[in-house]
Amino acid sequence: MSAATTRSRTPDRLCAEAVDIARAAAEEAAAPGVVGEHVEMVVEGDRVVTHLFECKEFGYRGWRWAATVARASRARYVTLDEVVLLPGPDALLAPEWVPWSERLRPGDLGPGDLLPTESDDLRLEPGFTGEDAPPPNSPVSEDMAELVEAEDVEVTEGPVTALPVAPARGSIASVAEELGMRRARVLSRYGLHVAADRWEDSYGAKTAMAQAAPATCASCGFLTPIGGSLGQAFGVCANEFSPADGHVVSLSYGCGGHSEAAVMPKAPRPAPPVIDETVVDAFPLRVAPDTGSVTPTTPDPDSDLGHS
């Protein structure tokens with residue numbers, strides 16, 4: 001250990017004894033009655049000492065007033081450097097600052113609020129901006145075509161490039177508009193997956209409501225289809241009595257408000273008779289005399305035939 005390090009850790013006697021000077025400076029900077037007892041002394045360097053005092057102000061539990069004093073080389077008097085309020089090891093601190101973009105949660109956006117989207121947002125990607133439009137002399141150019149319905153087009157011989165008017169329905173701009181891509185930015189593949197996962201967690205097959213449902217939304221008459229690739233797995237619920245009314249639901253979701261939940265089941269049909277043709281049952285040609293409920297009697301040969 002060097003001599004300089006040893007000197008820096010050894011408190012200067014005059015600076016260590018200047019507790020009253022440090023307290024007076026702390027009381028001048030703070031409100032009256034909030035500077036408490038002397039807590040400790042910290043050696044900052046050669047002839048530089050910081051005196052720490054307890055802070056009694058409400059809302060600053062564990063904080064301490066720090067008054068730093070110093071003495072010049074070969075000087076006989078101690079001077080004041082600074083007075084600050086510092087947190088102690090058990091101080092009550094505010095949570096770490098988080099940017100607003102990370103603090104934002106679904107539902108925080110209110111009327112009049114503006115939520116800017118970053119230019120490099122992973123949920124979005126560039127849409128059709130017109131930069132890939134065909135040249136003016138192209139047969140699919142908008143400058144050369146007017147919208148013509150397919151049933152009104154006269155079939156003529158020759159290639160499409162030889163036609164005087166090219167239908168605008170086949171242009172890149174019309175196709176992009178039909179697909180919903182004539183916007184500055186559209187959902188990227190990552191954005192589609194994030195939205196699908198979020199909707200599946202809220203109204204998906206794993207929810208308690210779907211587990212107890214009589215059937216899925218795929219067979220419900222209240223399901224309104226949506227377009228795009230998400231329409232293959234999601235739709236919008238239009239049942240006002242359903243907990244998912246107006247929400248995007250998974251086709252595997254379900255609830256008790258299913259359109260066919262109240263339909264009475266059909267009466268069960270009896271099973272057809274099963275005939276075993278491999279077993280032969282023996283049936284007598286004549287009934288045995290002792291099988292009836294009347295005791296048989298022996299007829300009298302001398303009696304008249306017939307019944308009285």
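Modeller: Let's start with a term: two strands count as paired when DSSP finds at least two bridges between them. Keep in mind, too, that this is a predicted model.

Colleague: Thanks! Which residue in β3 does Glu 54 stand opposite?

Modeller: Strand β3 covers residues 63-70 and pairs with β2 in the antiparallel sense. Seven bridges join β2 and β3, and the cut-off for pairing is at least two. Within this pair, the residue opposite Glu 54 is Arg 64.

Colleague: And on the β1 side, which residue in β2 stands opposite Val 35?

Modeller: Strand β1 spans residues 35-45, and its pairing with β2 is antiparallel, over seven bridges. Val 35 faces a residue of β2, a strand that runs over residues 48-55. That residue is Cys 55.

Colleague: Which residue takes a positive phi in the hairpin of β1 and β2?

Modeller: The hairpin has two residues between its strands. One of them has a positive phi near 60°, and that is Arg 47.

Colleague: How many residues of strand β2 are buried?

Modeller: Buried here means under 20% relative accessible area. Strand β2 has eight residues and is mostly covered. The number buried is six.

Colleague: How many residues lining the largest cavity are charged?

Modeller: The lining includes Cys 217, Phe 222, Asn 239 and His 258. Seven of the lining residues are nonpolar and five are polar. As for charged ones, there are none.

Note on methods:
Residues are numbered from 1 along each chain as its sequence is written. This is a predicted model: local features need pLDDT of at least 70, side-chain atom pairs count only at pLDDT 80 or more; totals for chains, interfaces and linings use all residues. Side-chain values use heavy atoms; hydrogens and water are left out. On a 1 Å grid over the protein atoms alone, a cavity is a set of points where a 1.4 Å probe fits but cannot get out, and a pocket is an open set with protein on both sides within 12 Å along at least five of seven lines; lining residues have an atom within 4 Å of a point. Ala, Val, Leu, Ile, Met, Phe, Trp, Tyr, Cys and Pro count as nonpolar, Asp, Glu, Lys and Arg as charged, and the others, Gly among them, as polar. Buried means under 20% relative accessible area, exposed over 50%, partly exposed in between (1.4 Å probe, protein chains only). Helices (H or I, at least four residues) and strands (E, at least two) are DSSP runs, numbered from the N terminus.
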